[in-house]
Amino acid sequence: MTELSNLVAESVERLRRDNPLVQCLTNIVVANITANVLLAAGAVPAMVDNAEESEGFASAADGVLVNTGTPYRETAEAMVAAARGAASSGTPWVLDPVAAGMPWRTQVSLDALSVGAPAVIRANASEVLALAGTAASARGPEAGDTVEGALASAAQLVRSYGTAVAISGPVDHIVDAHRHVTVSSGHEWMTRVTGVGCSLGALTAAFAAVQSDHVIAAASATAMLCVAAERAAARSVGPGGFAQALMDELFLVSPDEVGERGGLRDVTA
């Protein structure tokens, strides 16, 4: 295996050994699948998203996800509070700015970013463009822009916040100030099941809790989910069976297989 593949395999081993506690402030559509993805992969979910507890819990958790899929006034306040708690305690957190470009939820993401930089911003191409203040073409949470067209905006977010940016697409691109990694594995049914992309944000937070190199953390989360998806699709006849099989394959896939089959490439190497 390549050096990158080895680092990803080691990260999967670490995740399963350390069982990080991940606080998820996520949307109501995907809470169940997100919790199950974390459990199957080896992490521990905590769906704590109220304004009273979020800041303190973020200080105690190993990783935090802020996902703006279905924001409400109270949960929006909780998201900013969780980002503040994570920043003050050094807890790595991940921002998934779902449907950024819609004014209020974009502002919620910017408010969270204003209190502390995340380990990773995980988004589709249109969300990356919108968060960087560039015109984007999207239909709600569905991207209308290409990953390649969002790379300049991703670099802008890296400079502004000192974060890694993971852009999802047919090929996922993960960048920080020094590196550019791609992940080319996965299966088209990942877009036919509610919550797979949002769950990737939570899985990224889990890996950021055990891997201080946040490009490797994001690449590990992406490769693990994508390889498990390929395995799940191979024994399913459609999206319904695939969704169930995905949990099994996240639990069963080996660290070495994630590294070997992840379609990992270090573009900067």
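## Basis

This is a predicted model, in which local features need pLDDT of at least 70, side-chain atom pairs count only at pLDDT 80 or more, and totals for chains, interfaces and linings use all residues. Residues are numbered from 1 along each chain as its sequence is written, and side-chain values use heavy atoms, with hydrogens and water left out.

Helices (H or I, at least four residues) and strands (E, at least two) are DSSP runs, numbered from the N terminus.

## The sheet

9 strands form an open sheet with mixed pairing. Their order is β2-β1-β3-β4-β5-β8-β9-β10-β11. Two strands pair if DSSP finds at least two bridges between them. β2 (44–46) and β11 (264–266) stand at the edges. Each has a single partner strand, so one side of each is left without a neighbour in the sheet. From one strand to the next, the twist averages 20 degrees. Axes here are lines fitted to C-alpha atoms, for helices over the stretch in contact; angles run from 0 to 180 degrees between N-to-C directions.

Strand β1 (residues 21–25) runs parallel to β2, joined by 3 bridges. Gln-23 has Ala-46 of β2 as its bridge partner. Helix α1 (residues 3–18) lies across β10 (180–183) and β11. It runs at about 125 degrees to β11.

## Around strand β8

β8 is mostly covered, with 4 of its 5 residues buried. Buried means under 20% relative accessible area, exposed over 50%, and partly exposed in between (1.4 Å probe, protein chains only). β8 pairs with β5 in the parallel sense over 5 bridges. Here Asn-124 has Ser-168 of β8 as its bridge partner.

With β9 the pairing is antiparallel, over 3 bridges. Ile-167 is partnered by His-173 of β9. A hairpin of 3 residues joins β8 to β9.

## Helix α7

Which residues of helix α7 (residues 151–161) are buried? They are Ser-153, Ala-154, Leu-157 and Val-158. Seen down the axis of α7, they fall within an arc of 150 degrees, so they line one face of the helix. The arc is that of the directions from the helix axis to the C-beta atoms. The face turned away from the buried side carries the exposed residues Ala-152 and Arg-159.

The cover over the buried residues of α7 includes β5 (120–124), α6 (125–131), β8 (164–168) and β9 (172–175). Contact means heavy atoms within 4.5 Å. Just after α7, Gly-162 takes a positive phi of about 65 degrees.

## Helix α9

Helix α9 (residues 214–234) has 21 residues. From first C-alpha to last it reaches 30 Å, close to the 30 Å expected at 1.5 Å a residue. The expected span is 1.5 Å times one less than the number of residues. In α9, 17 of the 21 residues are buried, so the helix is largely enclosed by the rest of the structure.

At the start of α9, a side-chain oxygen of Asp-213 reaches to within 3.2 Å of the backbone nitrogen of Val-215.

## Two buried residues

Ser-54 lies in helix α3 (residues 54–60). It is buried, with a relative accessible area of 0%. Not counting residues up to four places away in sequence, Ser-54 touches Gln-23, Leu-25, Val-48, Asp-49, Ala-78 and Ala-82.

Met-79 sits in helix α4 (residues 73–89). At 2% relative accessibility, Met-79 also counts as buried. With the exclusion of residues up to four places away in sequence, Met-79 touches Leu-25, Val-66, Asn-67, Thr-68 and Val-108. Met-79 and Ile-167 are 88 residues apart along the chain, and their C-alpha atoms are separated by 21 Å.

Conventions
A polar contact is a pair of N or O atoms within 3.5 Å; within protein, one must be able to donate a hydrogen and the other to accept it, and residues adjacent in sequence count only if both atoms are side-chain atoms.
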